[in-house]
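Welcome, and thank you for opening the viewer. Let's walk through this protein together, one selection at a time.

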Amino acid sequence: MGFSEKFLWGGTTAANQCEGAWNEDGKGVPVSDICTGGKFGQSKRITPVLEEGTFYPSHEGIRHYEKFREDIALFAEMGFKCYRFSIAWTRIFPNGDEKEPNEAGLRHYEEVIDECLKYGIEPIITISHYEVPFGLTKKCNAWVSREMIDYYLNYCRAIFERYKGKVKYWLTFNEINSSVAPMGALLNQGILNDLENPTVFMEQPDIPQQRFQGLHHIFVASALAVKMAHEIDPEYKVGNMMIYAASYPLTCNPDDVILTQQEDLMRNCFSGDVQVKGIYPYYIKRYFEKNDIHFEITDEDLSIIKQGTVDFYSFSYYMSNCISSDASSAKVSGNVMGGAKNPYLKATEWDWQIDPKGLRYTLNHVYDRYGV
């Protein structure tokens, strides 16, 4: 049985990984542009001041900014029916707090969109993909501050209005649930706890209250963006975007089963429940209470979240993980989402367990939970 005509086969990129041209045409600096690579024996670090002779992978990428026409022509050769890409926030608002957008940035993405449409490729745009303007990190420590919501919506309005009639599908935040883990406070929220000293990428100090406050502000911003998009163009469809790791109990030990359920709710379901159901679910409230996590949530915020649910659900899927209550179980480290080693699966050289059936399991699980 083949795919239906409505099935969109394609590929995806992230601006901060592929574009390069990091300081051209008025582009500002996002947090990703001050993240070093592992080249020349260096560890991944955040350097609030750019260091001469240090390798920053995003500065060059694969030069997609200048070669997008060639790349999209290749996508067409491959039979792509869609191309999901992200807009670099700092190409539109270099520091993040400007009132008027950068025309060169708006024009660039219009050219990318037009090139897609020329080949009959549906553009699917991620609004924020791990590249918060560093200017906003310095100004207010990014998403910790409620004022970030207005900066984000100003950015959304600029692109929603500019690309009306050309784009149908939008994603508000890439892998929004990454903020549930400590590293997400840096990747998705642009939060740094010490702007003066370089931070080892994997060892940023974690402040749960700050991290969940930032995630809450992102939820509110996403809901308001959904409402804004529908007002600007009723044809717009706005979705969430999750990083989903299917979780299996390593054994039939009830301790493994219960722990797997808890991990799945926290890691995979919490953000989806907020964005699709429009509620803070019971289990996360209990988690906050149990771990003495307190941050500001207003009644107006909850009303906004309830009214601004997404039109569709999307996720990235890399591998599955096993969960074990036995701390001595053999471990894998796939894509910073480690777990117990599954004896029935092979793994890549990166230690990502290869599990295509896990994608089927995940699709069934997600659709059963949300029906979208």
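Before the first stop, one term: a polar contact is a pair of N or O atoms within 3.5 Å, and within protein one of them must be able to donate a hydrogen and the other to accept it. Please also keep in mind that you are looking at a predicted model.

**Stop 1: Glu19**

Select Glu19, which you will find in the loop between helix H1 (15-18) and strand S2 (45-46). Now show its side chain together with that of Arg91: the two side chains make a polar contact at 2.8 Å. That distance is within the 3.5 Å limit, so the pair qualifies.

Is Glu19 buried or exposed? Its relative accessible area is 5%, so Glu19 counts as buried.

While Glu19 is still selected, try the distance tool on C-alpha atoms. Glu19 and Cys156 are 137 residues apart along the chain, and their C-alpha atoms are separated by 20 Å.

**Stop 2: the cysteines**

Next, colour the cysteine sulfurs. How many disulfides does a search of the whole structure find? The search finds zero.

Two cysteines let you check this for yourself. Start with Cys82: the closest cysteine sulfur belongs to Cys116 and is 9.6 Å away, too far for a bond. Cys82 is buried, because its relative accessible area is 8%. Then move to Cys140, where the closest cysteine sulfur, in Cys156, is 16 Å away and again too far for a bond. With 14% relative accessibility, Cys140 also counts as buried.

**Stop 3: the loop between H5 and H6**

Stay in this region and select Ser145, in the loop between H5 and H6. Ser145 is buried at 13% relative accessible area. Follow its side chain: it reaches the backbone nitrogen of Glu147 at 3.2 Å. Setting aside neighbours within four places in sequence, Ser145 is in contact with Cys140 and His217.

Now select Asn141, which lies in the loop between helix H5 (134-140) and helix H6 (148-162). Its relative accessible area of 16% makes Asn141 buried. Look at the backbone here: phi of Asn141 is near 55°, a positive value in a residue other than glycine.

**Stop 4: Asp292**

Asp292 has a phi of about 55° although it is not a glycine. Is Asp292 buried or partly exposed? With a relative accessible area of 48%, Asp292 is partly exposed.

**Stop 5: helices H8 and H9**

Finish by showing residues 208-232 (helix H8) and residues 254-277 (helix H9) as cartoons. These helices pack at an angle of about 40°, with their axes 10 Å apart. H8 and H9 are therefore oblique to each other.

Which residues make the contact? On the H8 side, select Phe212, Leu215, Phe219 and Ser222; on the H9 side, select Met266, Phe270, Ser271, Val274 and Gln275. Colour them by class, and the contact of H8 with H9 shows six nonpolar, three polar and no charged residues.

Definitions and conventions: Residues are numbered from 1 along each chain as its sequence is written. This is a predicted model: local features need pLDDT of at least 70, side-chain atom pairs count only at pLDDT 80 or more; totals for chains, interfaces and linings use all residues. Side-chain values use heavy atoms; hydrogens and water are left out. Helices (H or I, at least four residues) and strands (E, at least two) are DSSP runs, numbered from the N terminus. Buried means under 20% relative accessible area, exposed over 50%, partly exposed in between (1.4 Å probe, protein chains only). Axes are lines fitted to C-alpha atoms, for helices over the stretch in contact, and angles run from 0 to 180 degrees between N-to-C directions. Angles under 35 degrees count as roughly parallel, over 145 as roughly antiparallel, 65 to 115 as roughly perpendicular and the rest as oblique. Contact means heavy atoms within 4.5 Å. Ala, Val, Leu, Ile, Met, Phe, Trp, Tyr, Cys and Pro count as nonpolar, Asp, Glu, Lys and Arg as charged, and the others, Gly among them, as polar. A disulfide is a pair of cysteine sulfur atoms within 2.5 Å.
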